[in-house]
Amino acid sequence: GSSDAPPPSEASSEAGADRAGGLAWWQASFSLVVVVIGAGVMALPQLPTTGGLCACLLAVLLCGATITESGLGMWRGVMAGNGSAKAGGKRTIVSFEDFGRAALGQPGEVLVVVLQALYFLGVSAAFAVLIAKSVAHLSRNWLTPENFLFPLTPVFGVLALLPNVSAVAQAVPAAVVCVVVLCGIIIAKSAIDAEKWQAWPPAAPGAMHRMWPDTFMDLGTAFATLFGAFGVNGNVPSVLCEMKDPAQFPLAFKTAMAIVVVIYASVMGVGYYGYGQFIQPDIIYSLTSFPADHDQAFNVPFEMWTGPKARVLEYILTCLLLVKLLVGLPLNLMVVFSSLQTFRCTKDYVPAGSWRNTAMRLAVVAIAVVIARAVPNFNVLFALVCSVCGPPMQCILPLAFSFLVRRGMGGAPSSPLRRALHLGLGGVAAFTLTVGFWQSLHAALQPESSAGR
């Protein structure tokens, strides 16, 4: 997901050396859960409005399985590469960039760097959208979220100029607590609010909830969002190299992904069930304001709803989200900065500590703000970014690089059954990369079609 964890290059800076200690499998599993669950969870309850609840729950399982199997393929490749290329106790693959270089040489490293920079730039823009919305909530809409973006740009710039992630990383536990509490409130409040519409006169069948999409293509945005929400494979090499027993990584990874699937399915399922087709694009609005009746829910603008309000809860939810975002934004930006500072084609132009490095950081922030202003809907922007970068980063490249590394090391090929499975996973990634991108782009170009009810 849009991670609160330190960038992989920072987290694994010492992972190349064998350690006396190391992570137990359950500690690695917890670390992976922390990496996965991020701001993407805010987009999940709205997905069934077009994709259908049953179909979206199946998509959660399918995307979770796809990224899990791809991560396990990455593990096999990293183990093969490090097992054959140890030198004085050092491991050669401790990051996604290393994995790309081991598979394809310099072009593989370049491909990973470019994809990661684009992905985290897009995610940072999505974070900026949510921060602006949060400030708008707290100010009682003194300005619109779009108009808050430019006044907030200096704040984003200050966060971008932090010299490293150490100071921000100390606040990661607080951000994790905030997002866990946020998920808990979404589930609990949605379940409570479901009792309110159940007291209304029965609606026409299918009016309150959509179980299945009109066409299979309507699932494109759901798959794109879920690829981003489950995104973790970029962190696999660093977590793997920090484990006491890397052979236990499959247990840690499967456990973590199973936990995340349960959390995501609960947030999506209960969140959507609580509000159905009248759920708002910003879930905080639905959690804090309810329509008086069925007619008001579907035929009256949200601002004119006269049902129960929960203003205090609005401030609580917004503050929880804001803490998570203010910690996550500099960490996501740092991945972009780190890529430019270490990439062979750019590192000489933006050395750390130089004025050009400062200018580069501020330019990245400016680009992120422009993107956020152009696509001010978090759900749409997140899906658009993840539809482009999610499939290659989370599925296609891990499986392809693993195959190339293991073949280069003379390792045994995967079984025919597993290769058939990987072909199917490639189909899921291709669907997301094409249909998911097209649907997300359409929503971005025609915002009125996704502006909500």
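**Aromatic pairs, a helix and a surface patch**

Both Trp 200 and Phe 290 are buried, where buried stands for under 20% relative accessible area, exposed for over 50% and partly exposed for values in between (1.4 Å probe, protein chains only). The model is a predicted one, in which local features need pLDDT of at least 70 and side-chain atom pairs count only at pLDDT 80 or more, while totals for chains, interfaces and linings use all residues. Residues are numbered from 1 along each chain as its sequence is written, and side-chain values use heavy atoms, with hydrogens and water left out.

The rings of Trp 200 and Phe 290 have their centres 5.8 Å apart and their planes at 45 degrees, so the pair is tilted; rings of Phe, Tyr and Trp (its six-membered ring) pair if their centres lie within 6.5 Å, and planes under 30 degrees apart count as stacked, over 60 as edge-to-face and the rest as tilted. Ring pairs link these two residues into a cluster whose members include Tyr 275, Phe 278 and Trp 305.

Across the whole structure, a search finds 19 aromatic pairs. One of these joins Trp 197 and Tyr 273, which have ring centres 5.3 Å apart and planes at 70 degrees, so the pair is edge-to-face. Trp 197 lies in helix H9 and Tyr 273 in helix H12, so this pair ties together parts that are 76 residues apart in sequence; helices here are DSSP runs (H or I, at least four residues), numbered from the N terminus. Trp 197 is buried, with a relative accessible area of 12%, whereas Tyr 273 counts as partly exposed at 37%.

Helix H9 is also among the packing partners of helix H2 (residues 25-36), whose buried residues pack against H9, H10, H11 and H12, contact being heavy atoms within 4.5 Å. Those buried residues are Ala 28, Ser 29, Leu 32, Val 33, Val 34, Val 35 and Val 36. Helix H2 has 12 residues and reaches 17 Å from its first C-alpha to its last, close to the 16 Å expected at 1.5 Å a residue, the expected span being 1.5 Å times one less than the number of residues.

Arg 140 counts as partly exposed at 38% relative accessibility, and Asn 141 counts as partly exposed at 44%.

Methods:
Helix = DSSP H or I, 4+ residues; strand = E, 2+ residues; numbered from the N terminus.
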